[in-house]
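Subject: Handing over the structure

Hi,

Here is the structure I promised to pass on. Have a look at it first, and then read my notes below.

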Amino acid sequence: MFLLALISLTKWFWYHMIVKSCYQTAKKLKSYSFNLFDLSSKPLHQPSIFPSILNCDLKGRESQTLVCDIHSVLLRTHSFFPYFMLIAFEGGSILRAFILLSSCPILWFLSYELKLKVMIFITFCGLKIKDMEMIARVVLPKFYMENLNLMPYEVLVSAKCRVFITSVPRVMVEGFLKEYLNGDDVIATELQSVGCYFTGLISKHGLVVKHSAIMDYFGDKKPDLGIGSTCVNDHHFISCCKEAYVVSNEISPKSIMQREKYPKPLIFHDGRLAFYPTPSSTLYMFMWLPIAIPLSIYRLFLGTIVYYKWGLALVGYSGITITIKGYDNTKNNLEKNKGVLYVCNHRSLLDPVFLSMSLRKTLTTVTYSLSKVSEIMSPIKTMSLTRDREQDRETMQRLLGEGDLVVCPEGTTCREPYLLRFSSLFAELADEIVPVAMQANVSLFYGTTASGLKWLDSFLFLMNPWPTYIIELLEKVPKEFTCAGGKSRFEVANYIQRELGIALGFECTNITRRDKYMMLAGNEGVVHKKK
């Protein structure tokens, strides 16, 4: 009881004196400076002469052409700064992101055109074209989807032909607009490049001027429908349309799009930032880094050096919250010379580690493509699989003969509420199978990646201020649903996937590890070891 009270007191002190103080400082700076710093493309608003988007009738538009702005219309956000920050951090470096953040006080005094040109130069100067293509494909869509404005989107999908217009660079938005929103064309600013690198300069045509760009694109023919914001610039270009509507600047609950209404399911995305990087939140991240780095090293030290029976209490002392549900009832039901097989969904590389701490027992785990650093730092025995079915089967069978084993049949992590297809290899190895539902929540950094440095996964996960893990032990799989009960290994794998999906509230899919890596990294996710 004394130890628990000490841990609670320390966590309270840590929260109020360190984490909360950083947050309050960032909040004050936001109210004093960054709140005045508006990167919006609509600096001048006026009472609109056009009706609200709420009055738009969705019927009878199957053959019409729609022209839509992106900024503050299709997206609820009033600034493209967070998207420039995502490119600077994920595609460039943390130094480039810091320079972009440091430019905010200077950008405050500039006009919109100069603001945009400065942000483009800082973000794109020296950036590889292939890196930008990767960011546009696997990082930006998540943040675009989460900021879609529901009301303009419903009007958008009612039209047959969809033309988008924006002043930001084409490479930032075209992939998302065409792949997810079925855009027919995108009118946007073009960037200069030399070889395989961006110069950071815009093309000779300059920034897109919406009114003249619409006139040049359509000529004498007027588009049927135009959607813009309440700013003067948007009034000019939607006045060229036969029918025009405006979107209010106020964000209402009705404008927030729920996940089930997304144009496409958001199953995979990459990148390290887990938050929407506004100037104030990015400032908070940089203020947190001097604390986060030694804290992460300390947490890694606890997991590597400290005995697992004491690890759970000390991990809680460091700010990690682990919630355990269910009860391990296999202790008295073990077969002789054979361990228990724990089957988990995969949220991060630390799944088996936290399960071992929660159960207060030594476990062994197997994984694919394990980096050498992660293997050295792992506090539990970790074996790499070869993708040779017979060899992997013998390895797992041998490990089960030595003790309890943890497997993640998905073969890779998934950040969103979906379960990938389960490999059936584990099903024929043991009859004592315990499904374990895992949930991991972070606030600043993701501890998984498909295209980045995988040896940083655990380190970045532990850099979060209050990472949380929810571990739920389900009932042992009944014998009649195992291979010993007459079921095939595929039926056993599907049964466990379905039970975990119900427990977590996740959707089960047939997507494989290979599908994920082909989408996010352009390869099959296989690391070939040098001889």
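(Buried means under 20% relative accessible area, exposed means over 50%, and partly exposed is in between, using a 1.4 Å probe and protein chains only.) K210 forms a salt bridge with D69, and their closest N and O atoms are 2.6 Å apart. (A salt bridge here is a side-chain nitrogen of Lys or Arg within 4 Å of a carboxyl oxygen of Asp or Glu.) K210 sits in helix α11 (residues 210–218) and D69 in strand β1 (residues 65–69), so the pair ties together parts that are 141 residues apart in sequence. D69 is buried as well, with a relative accessible area of 0%.

Before you go further, a word on what you are looking at. This is a predicted model, in which local features need pLDDT of at least 70 and side-chain atom pairs count only at pLDDT 80 or more, while totals for chains, interfaces and linings use all residues. Residues are numbered from 1 along each chain as its sequence is written, and side-chain values use heavy atoms, with hydrogens and water left out.

Now the overall picture. The protein chain has 20 helices and 16 strands. (These are DSSP runs numbered from the N terminus: H or I with at least four residues for helices, E with at least two for strands.) Of the 531 residues in the chain, 53% are buried. Among contacts with a separation of 6 or more, 75% come from residues 24 or more positions apart; contact means heavy atoms within 4.5 Å. The chain exposes about 24700 Å², and carbon and sulfur atoms supply 58% of that. (Accessible areas come from the Shrake-Rupley method with a 1.4 Å probe; for residues, only the protein chains shown count as cover.)

What about the inside? The largest nonpolar core has 89 residues, and F80, F124 and M172 touch the most other members. Apart from it lies another core, of 27 residues, including V366, L405, L419 and V492. (A nonpolar core is a set of buried Ala, Val, Leu, Ile, Met, Phe, Trp, Tyr and Cys residues joined through side-chain atoms within 4.5 Å.) Leaving out residues up to four places away in sequence, F124 touches F84, I87, R96, M132, P169, V171, M172, L191, F198 and G200.

Helix α15 (residues 351–359) is worth a look too: nine of its nine residues are buried, so it is largely enclosed by the rest of the structure. After α15 comes R360, which has a positive phi, near 55°.

Back to charges. The count comes to 19 salt bridges. One of them joins the side chains of D457 and R272 (2.8 Å, N to O). That pair links distant parts of the chain, with D457 in helix α18 (residues 457–461) and R272 in the loop between β7 (243–247) and α13 (279–305), 185 residues apart. D457 counts as buried at 5% relative accessibility, and R272 is buried with a relative accessible area of 10%.

R398 and E402 also meet in a salt bridge (3.6 Å, N to O). They are four residues apart in helix α17 (residues 389–402), so about one helical turn separates them. R398 counts as partly exposed at 39% relative accessibility, while E402 counts as exposed at 51%. You will also find R170, E174, K178 and E190 linked in a network of salt bridges.

Last, K117, in helix α6 (residues 112–124). K117 counts as partly exposed, at 39% relative accessibility. Beyond its neighbours within four places in sequence, K117 is in contact with I202 and L207. The C-alpha atoms of K117 and G200 are separated by 8.5 Å, although the two residues are 83 apart along the chain.

Over to you!
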